[in-house]
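Welcome to a short tour of a protein model. Take a moment with the sequence and the picture below, and then we can walk through a sheet and a pair of helices together.

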Amino acid sequence: MRFPPAGDPGVPDTRSATRYLVWLAGRHKALLTAGILLGVVWMVAQALVPAAVGRAVDGLTRRDEDALLTWGLALLGLGVLQAVAGILRHRCALHNFLGGAYRTVQLTVGAANRLGAALPRRVSAGEVVSIGTADISQIGSAIDITARGTGAIVAILTVGVILLGASVPLGLVVVLGVPLLMAVVGLLIRPLHRQQQAYRDSEGALTARAGDIVSGLRVLRGVGGEPVLSARYRTRSQALRADGLRVARIESLLEAAQVLLPGAFLVLVTWLGARFALRGEISAGQLVAFYGYTAFLVSPLRQLTEAVDKLTRGHVAARRVVRLLRLTPELRDPARPATLPDGPGELVDAASGVTVRPGRFTALAATAPEDAAAIVDRLGRYVDSDATLHGVPLREAALATVRERILVADNDAHLFTGPLRAELDPHDRTDDATITAALTAASATDIVEALPQGLDSAVAERGREFSGGQQQRLRLARALVADPETLLLVEPTSAVDAHTEARIADRLGAARRGRTTLVCTTSPLVLHRADHVIFVEDGKVVAEGSHTALLDGEPRYRATVSRGED
């Protein structure tokens with residue numbers, strides 16, 4: 001049996017959580033249908049066992065050896081059929097579970113990639129993590145339970161028809177009693193649905209807070225903020241615990257109902273059947289069969305309540321997934337993308353007046369760091385603007401083309417788990433000499449030399465084994481390995497010491513010779529080695545020239561790069 005391919009998961013139906021689950025189930029129609037049919041065969045085979053036992057008992061009381069042998073063989077056949085159908089049903093159910101869960105993972109990852117840089121602003125990290133860890137299991141279970149749930153319904157109907165044929169009162173007890181039991185269970189489902197939704201919201205918020213604390217743990221220790229954040233986390237954790245207890249309280253009632261109500265139903269039908277047998281209205285074999293039916297009904301009734309529970313959980317989880325999938329990117333490709341001329345060209349931000357000349361090493365010094373970041377966002381088309389390349393508005397070009405031509409590297413970028421070589425060259429397009437040259441330019445060769453297996457060493461999550469300065473140098477090396485036509489760097493040396501910063505400043509221009517490079521920085525070491533310096537105040541260009549000329553002729557620039565010290 002083949003499991004779902006890792007290819008295109010398709011276009012989901014996100015009009016509602018229910019439609020999403022139906023669409024998800026329909027992605028494997030053949031296996032879903034096979035699972036349902038096998039579930040029906042599996043449950044009906046079990047439902048017919050009491051009938052075969054009852055006929056065998058009647059044959060035994062009549063001393064009819066042929067009838068005893070016939071129904072004994074029928075019982076054996078039903079057992080074999082039940083075993084084979086049960087194994088195949090489980091295989092199909094497992095496939096459907098994994099298909100629903102991992103197709104949701106594919107869609108979630110695709111949505112995250114589609115949203116790109118806008119994702120952290122639209123959805124918390126905890127929400128995405130919760131979808132990938134908890135929600136996919138609930139969704140898979142909702143798809144999985146369809147086979148057993150359908151089989152349970154058909155089995156109950158089968159038993160009802162058999163009982164009606166043998167005894168109308170007993171048949172009516174089953175036909176009317178089962179919907180009544182399900183109605184009682186349904187009273188618990190609505191509050192369970194509501195409490196599960198509240199628990200899921202609290203879980204996502206707590207996961208996001210935990211991620212924030214872990215990522216900022218070093219800073220928290222530095223400022224002594226651990227006790228405060230720990231207390232806040234403990235408070236939210238206790239709130240989540242309270243939500244979980246409310247969910248568990250309703251679930252415990254549901255579990256109790258799954259045992260108590262079918263048990264009471266079993267006692268009632270057995271009592272009625274015994275009275276009918278004492279009055280001679282049914283035979284001993286029929287009484288045994290009736291007891292077998294009622295004992296069997298405990299299983300499909302529990303299957304039905306489990307199906308309602310899992311479908312409820314799956315609906316809550318699917319609502320979360322649909323909410324994420326409905327998010328649209330802030331930037332969209334134009335209907336007819338314009339063609340950008342080949343080769344380096346002037347990159348212009350009309351809002352600030354910044355012009356990055358092709359093939360030059362340009363530095364941008366801003367009195368406010370957020371102004372520099374905003375300019376880079378516009379030049380890299382991470383926000384909609386009137387920025388142009390070769391005179392062509394970036395908003396009129398395909399986003400993929402802009403990303404290929406212009407690379408923005410800032411300090412929000414992460415190091416991912418895996419071999420360091422793959423981290424520096426994720427597309428596996430360069431050789432070791434190119435990677436080594438980039439590491440040298442970023443003054444990061446000492447980091448690699450200290451690793452036990454060099455470039456083949458494994459990088460932990462977010463590169464946590466590296467210091468802040470080491471991570472920054474490795475991120476710079478990764479940007480240099482990519483060797484884009486235009487590279488926009490935001491404070492690439494803010495976390496390194498002065499000696500390392502001087503080495504990077506000496507080597508960066510040579511490493512990018514002939515390419516367009518813009519570095520946002522207020523470091524005199526970097527500014528002094530730039531071909532051209534642009535000074536920005538209040539988001540506008542107020543002066544341009546060499547670092548030396550600006551130091552001599554622009555007091556505001558001098559105050560900015562010297563941190564206010566003369």
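Let us begin with the sheet: six strands make up an open sheet with mixed pairing, in the order β6-β9-β10-β3-β11-β12. This is a predicted model, in which local features need pLDDT of at least 70, side-chain atom pairs count only at pLDDT 80 or more, and totals for chains, interfaces and linings use all residues. Residues are numbered from 1 along each chain as its sequence is written, and side-chain values use heavy atoms, with hydrogens and water left out.

Strands (E, at least two residues) and helices (H or I, at least four) are DSSP runs, numbered from the N terminus. Two strands pair if DSSP finds at least two bridges between them. At the edges of the sheet stand β6 (406-409) and β12 (540-545), each with a single partner strand, so one side of each has no neighbour in the sheet. On average, neighbouring strands are turned by 20° against each other, direction ignored.

**Strand β3**

| Strand | Partner | Sense | Bridges |
|---|---|---|---|
| β3 (residues 361-366) | β10 (residues 516-520) | parallel | four bridges |
| β3 | β11 (residues 532-537) | parallel | five bridges |

On the β10 side, F361 stands opposite T517 and A363 stands opposite V519. In β11, F535 is the bridge partner of A365.

Is β3 buried or exposed? Six of its six residues are buried, so β3 is largely enclosed by the rest of the structure. Here, buried means under 20% relative accessible area, with exposed over 50% and partly exposed in between (1.4 Å probe, protein chains only). F361, A363 and A365 point one way from β3, while T362, L364 and A366 point the other way.

**Helices α13 and α15**

The axes of α13 (residues 432-441) and α15 (residues 468-482) come within 8 Å and cross at roughly 135°. Axes are lines fitted to C-alpha atoms, for helices over the stretch in contact, and angles run from 0 to 180 degrees between N-to-C directions. The two helices are therefore oblique to each other; angles under 35 degrees count as roughly parallel, over 145 as roughly antiparallel, 65 to 115 as roughly perpendicular and the rest as oblique.

Which residues of α13 and α15 make the contact (heavy atoms within 4.5 Å)? They are I435, A438, L439 and A441 of α13, and L474, A477, L480 and V481 of α15.

Finally, α15 also lies across β6 and β9 (486-490), running at about 170° to β9.

Notes. Contact = heavy atoms within 4.5 Å.
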